[in-house]
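Take a moment to turn the model around on your screen before reading on. We will walk through it together, one part at a time.

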Amino acid sequence: MVHPRPAEGDAAVPADERFDFAAIDPKWQRFWVEEKTFKAVLDPDKTERAYVLDMFPYPSGAGLHVGHPEGYTATDIYSRYLRHTGVNVLHPMGWDAFGLPAEQYAIKTGTHPRETTKKNVANFRRQIQALGFSYDWDREVDTTDPAYFRWTQWIFLKLFERGLAYQSEVPVNWCPKLGTVLANEEVIDGLSERGGHPVVRRPMRQWMLAITAYAEELLQGVDNLDWAEGIKAMQRNWIGRSEGAEVDFKVDGHDLSIRVFTTRPDTLFGATYMVVAPEHELLSTIATEERRAEVEAYAATAARKSERDRQDDRKEKTGVFTGAYAVNPVNGAKIPVWTADYVLGGYGTGAIMAVPGHDTRDFAFATAFELPIVRVVCAEDGDPSEPLDEAFTQHGVACNSGEFDGMRTDIFKHRIAEWLADKGLGETKVNYKLRDWVFSRQRYWGEPIPIFYPCFPGEGADRELWDPRRGDAVTIDYTTPLPVPYDQLPLELPETADYKPNEDGEPPLARCLDWRFFQDDDGNWFARETNTMPQWAGSCWYYLRFTDPDCTTDLASFEALDYWPPVSLYVGGAEHAVLHLLYARFWHKVLFDMGVVPTDEPFPRLVNQGMILGEDGEKMSKSRGNVINPDDMLTEFGTDAFRLYEMFMGPLEKVKPWQMAGMHGTRRFLYRMWSLYQKPISDAALPDEVASVLHGLIKKVTDDTANLRFNTGIAAMMEALNDLLKVDVLHREVAETLVLLLSPYAPHIAEELWLRLGHAPSVSQEPWPTWDEAKLVKASYLLPVMVNGKVRAKLEVPSDSDEATLEALALADARIVKWTEGKVVRKVIVKPGRMVSVVAK
RNA sequence: GCCGAAGUGGCGGAAUGGUAGACGCGGCGGAUUCAAAAUCCGCUGGGCUUUGCUCGUGAGGGUUCGAGUCCCUCCUUCGGUACCA
């Protein structure tokens, strides 16, 4: 469709022509892509720069849903706005494309995950481009591209060099029948969710990342982040710092002690028994002969349970007495040692001193097994001899605690820790819930871990003719992990048609023998690591790659990393509140310590868009049949109406239900906007009232856009449009300003109107309008007058009236006199421009 | 349980401690039409004795000339998390 460029001053088009989005949307989308309108260029002279980033999507086969464009539209409006104000903006998009669905599809159909990914990426790109976003498409990245994951592997090697990547045997859910490892969520009552086969907890060699080494830095960094309080709280809770003390309890009759961790050393005198986790290393040592069988049976049962079951079973406390006794170091009391699965092997020391008087879990356990309960804390005015019918968990005053009686427990807590340290019985200690990150997956479609190991002929192998690539028996020395040399990166995935892990839990790569085994020049054999990285890996640093996506010498050039980061605004769903954001912050801090990046936090400002629910107020899902497809919306309502609606629904962060009727509303707004520009354009000077309204609108829209309050910014434009449609002419200044204000929100119609106003494209590169405070002032305004807190009159008063004048005007008004008659006016509060409040008794 | 967010018309939502309900949807009435859709105009929180009065922002208290907004207690919903000693 060809749009004749109208002659100067003649914007008149046939009055019956409607905004034809079906023709106009693709026209401008093509224009932007072809002209590279939104190409971001590193220009050291442009000091005002911004990096506006969306959490890049996993390109699923289902395509875009309406939640994606919510955040994308918000960042797009913001990016376009910043560009109008002269800021150099980096606004990229890419694909987090490794992941399980493509692999499962491969197992089912034999289609290579690479093919599935390629197809899905193409579809996502098409859908996203149809939304008219101002991404710099020259910076598109794909985590599955070897040129990209070369640097993911590079970072892994750096972590390995720094001792932050290591191997460990950690328990996983292993289902021998299915021949696979299962996630906690996939195990129900000790059986696999699919098929109902038994699942065991089994230690398997895994690669781990030592995120706990950064626990304190990750925690402290949270304080300075401009993120929603809720998300910051979730990160803090996940890291889970707790301060307390470790205390040694001697085991009676043994030359050994068991160390416990407690946050309440002030309750030490109340420890009436001790519990060690079923997986505790000393359990079988301390168990007495007559108790041993029962203890071991209990430990075996506990080992068989998945974490999920252990959580589900927690209402009912179980446990077994070991027969052993420990000595309380503060009072010499002999207390029984039990084992119970409410004590976790992986936290603290895997053993606790139980204080049933002051811990709810210990109280429940002591009650169930009839163990003694002693009060050692009471309220300030409480009675130390009063029995406890539930655990008293607050701080208070120490009692039944020997020499410490009467001391406030919050002080006692620190005093006793020092006392224990002096006596060599313990020390203060900080613990974190955060665990090291299990970084390996027994899967095909992920980044290969760039590590290899020496290997040797296995038992019974013929040493002379031995060749592990033929499947000869092999012994791999996993204790000697060797890094793939940097110049051999990327280490790419081998081709295979077999994507399933085998019955031993070995990943598919283990069967790619030609890839797995190789010889050095001296004829020594080596075996590659066959686990791959988890999906999180690629998303841990993609925001750095966007700054310089084609760099071949570094993950990005120094100049790019110095110029663009940190991300000035990061927008995405709250479902990534913990894992992605914590992992990315971790990698970023390591890179910062290495001197690779200049800032210690990657995302100083984060906004989480609220989920969009279905029209029924429920989460959108196929099974509920309440899914809205963006493609359908674009066809029926146009891109701009869709963008406007998603922003007009309510505040960005809020959870909001979809309302199809709302789409009609924003489309109608655009039709009306189009019809406004059918009016004759006047070059006359603006009348004062019009100028006042226009400048008020500029101020409101500017303020709302800059602060991401898009819903009210749109409302202001709707309101202005309603007024403007009532007059016969459209002043050129109004016409042009309005197009500019609209352009970040509804860029297609804005480009078209800008063209028809006689300008060359693109409106997106025009300067943002500014307002003049002086022009906001009107000659008079409506002043509400209250009597005793109720509005009784509204007076039209001159804008320049002073307080005394306003007070006089208010008190003289007949409607006010009616309410003050026969009363004494005690006080008059006058706020010029706001209201007058009269107090009369 | 704990942490976080939020409760305002028929619905989505607006309101620097200062006219509660902007804007949009829906509804009602009208114009246009043979008719309908679309479009345009007007009205639209409840109640009443309707130039006006009164009630009204989850419930109850409090601070203030004035509270949706600030403080206290409680209720409900949503999100996260959980035997973390």
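The domain bounds used here come from an automatic or database domain assignment. With that in mind, chain A is divided into domain 1 (49–142 + 150–154 + 539–609), domain 2 (162–212 + 437–528), domain 3 (241–432), domain 4 (630–775) and domain 5 (779–840). If you look for domain 3 and domain 4, you will find that their centres, taken over C-alpha atoms, are separated by 66 Å.

Please keep in mind that this is a predicted model. How confident is the predictor? The mean pLDDT of chain A is 90, and 95% of its residues reach 70 or more. Residues 1–16 are a stretch to read with care, as pLDDT stays under 50 there. For these residues the model has 20 contacts beyond four places in sequence.

Now let your eye move to RNA strand B. It is surrounded by 53 residues, and the closest are Thr263, Arg361, Gln659, Arg668 and Arg834. What kinds of residues make up this surface? They divide into 22 nonpolar, twelve polar and 19 charged. Helix H22 (residues 710–724) gives the largest share of the surface near the RNA, with six residues.

Which parts of the RNA does the protein meet? Of the atoms of RNA strand B within 4 Å of the protein, 63% belong to sugar or phosphate, and the rest belong to bases. You can find examples of both. On the base side, an N or O atom in the side chain of Arg435 is 3.3 Å from a base nitrogen of RNA strand B.

Arg80 lies in helix H2 (residues 67–84). Is Arg80 buried or exposed? Arg80 counts as buried because its relative accessibility is 3%, and buried means under 20%.

Our last stop is Asp226, in the loop between helix H6 (215–222) and helix H7 (229–239). Asp226 counts as partly exposed because its relative accessibility is 47%. Which residues does Asp226 touch, beyond those up to four places away in sequence? They are Pro604, Arg605 and Leu606. Asp226 and Pro604 are 378 residues apart along the chain, yet their C-alpha atoms are separated by 5.8 Å.

How values were computed: Residues are numbered from 1 along each chain as its sequence is written. Chains are lettered from A and ligands numbered from 1 in the order in which they are written. This is a predicted model: local features need pLDDT of at least 70, side-chain atom pairs count only at pLDDT 80 or more; totals for chains, interfaces and linings use all residues. Side-chain values use heavy atoms; hydrogens and water are left out. A residue is near a molecule or strand if one of its heavy atoms lies within 4 Å of it. A polar contact is a pair of N or O atoms within 3.5 Å; within protein, one must be able to donate a hydrogen and the other to accept it, and residues adjacent in sequence count only if both atoms are side-chain atoms. Helices (H or I, at least four residues) and strands (E, at least two) are DSSP runs, numbered from the N terminus. Ala, Val, Leu, Ile, Met, Phe, Trp, Tyr, Cys and Pro count as nonpolar, Asp, Glu, Lys and Arg as charged, and the others, Gly among them, as polar. Buried means under 20% relative accessible area, exposed over 50%, partly exposed in between (1.4 Å probe, protein chains only). pLDDT is the predictor's confidence in each residue, from 0 to 100. Contact means heavy atoms within 4.5 Å.
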